[in-house]
Amino acid sequence: MRNATSPTPVDYAAYLLAAAALLLILIKGLLAALFSGLLVYSLVHMTTPLLGKQISSTRARMVAVAAIGILTVALLCLAIWGSMTFFSSEAGSLPVLLQKMADIIEKSRDQIPLWLSAYLPESADALRLMITDWLRVHALEAKIIGQETGRILAHILIGMIIGAMVALYDSSPKTYLPLAAALRARLHHLSEAFQRIVFAQVRIAAINTVLISIYLLIILPLLDIHLPLTKTLIALTFFTGLLPVFGNLISNSLLVVIGLAHSLHTAIGSLVFMIVVHKFEYFLNAKIIGSHINARSWELLIAMLVMESVFGMHGIIAAPVLYAYLKRELCERHLV
């Protein structure tokens, strides 16, 4: 019997093909299609075992898997449409949020300490100029997010359909030739890594959003403090929280700046609250993320920094999943 730590030439070929495919996906901007496909594939495989006790016929089981795939794609499309509708509305508009932040900083300059004021834009126009300069430097990322939104949405839809089709094909028993079997194993490992890191991060983002909601909608109103754009802040807390480490920095900065709309003490209180929350989340992250992929926060941060330097924004988003996948493959060979 072959030792698991001694890969065959077929295994090496599968590793090279998988690495080449992932590299091509990052270079050609197909990450949205990959992640949407993996999401549908993972959701279908998570719900399919529930059918095992109910359905015995292979054909009936395939029909049920197909129905689950269609329902999953429909629900995800509905969620995407709802998110886009919210952020296009006045309540969730990002331009409105940026304009409000600029106005808050300009009006609050008198109550901000001089040492801190030196690091802030001098006016709303200065903040808009900073944002414009950042967008000019990151022109490629801005183009992908702005001008190519339709293309990305098309990739997401196609990726979800492919993920459902692959899950359906994978549900029927088959005999695979050596290379196909090795590539299928790579796909399963990537899917497991995606499922572990993404669904774990969703749990963390949801917990963080609940805590921020309690703070904004319950604690502050009890103190007769009412901040503007609370719905936008809550929504952005969840969506930015899906991005490890950096996402929390973004939502924290927004909360502190919006806190200045009431007073400097509110901003400081918000900062203290976020520090306490993230001290709690530090142990939570270690428990959820670490237990799922056996990795620490600093490992993910290093992976994100390296990937960002090579692939830009796509690298930041892909780094946690690809790092979890790489570690899964290395652990299987008992190399780490």
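**Notes on a buried serine and on the salt bridges**

1. Ser270 belongs to helix H13, which spans residues 264-293. The model under discussion is a predicted one. Ser270 has a relative accessible area of 0% and is therefore classed as buried. Leaving aside residues up to four places away in sequence, Ser270 is in contact with Tyr215 and Leu255.

2. How many salt bridges are there by the rule applied here? The count is three. The points that follow take the pairs in turn, with the computed distance and the location of each partner.

3. Glu329 and Arg186 form a salt bridge in which the closest N and O atoms are 2.6 Å apart. Glu329 is part of helix H15 (residues 313-332), whereas Arg186 is part of helix H10 (residues 178-222); the pair links distant parts of the chain, 143 residues apart. As to accessibility, both Glu329 and Arg186 are buried.

4. A salt bridge also joins the side chains of Glu332 and Arg186, with an N to O distance of 3.7 Å. Here again distant parts of the chain are linked, Glu332 being in helix H15 and Arg186 in helix H10, 146 residues apart. Are the two partners buried or partly exposed? Glu332 has 27% relative accessibility and so counts as partly exposed. Arg186 counts as buried because its relative accessibility is 6%, and the cut-off for the buried class is under 20%.

5. Arg328 pairs with Glu192 in a salt bridge whose closest N and O atoms lie 3.2 Å apart. Since Arg328 lies in helix H15 and Glu192 in helix H10, this pair ties together parts that are 136 residues apart in sequence. Arg328 is at 23% relative accessibility and therefore counts as partly exposed. Glu192, at 29% relative accessibility, likewise counts as partly exposed.

6. To summarise the placement of the pairs: Glu329 of helix H15 is paired with Arg186 of helix H10, Glu332 of helix H15 with Arg186 of helix H10, and Arg328 of helix H15 with Glu192 of helix H10.

Notes:
Residues are numbered from 1 along each chain as its sequence is written. This is a predicted model: local features need pLDDT of at least 70, side-chain atom pairs count only at pLDDT 80 or more; totals for chains, interfaces and linings use all residues. Side-chain values use heavy atoms; hydrogens and water are left out. A salt bridge is a side-chain nitrogen of Lys or Arg within 4 Å of a carboxyl oxygen of Asp or Glu. Helices (H or I, at least four residues) and strands (E, at least two) are DSSP runs, numbered from the N terminus. Buried means under 20% relative accessible area, exposed over 50%, partly exposed in between (1.4 Å probe, protein chains only). Contact means heavy atoms within 4.5 Å.
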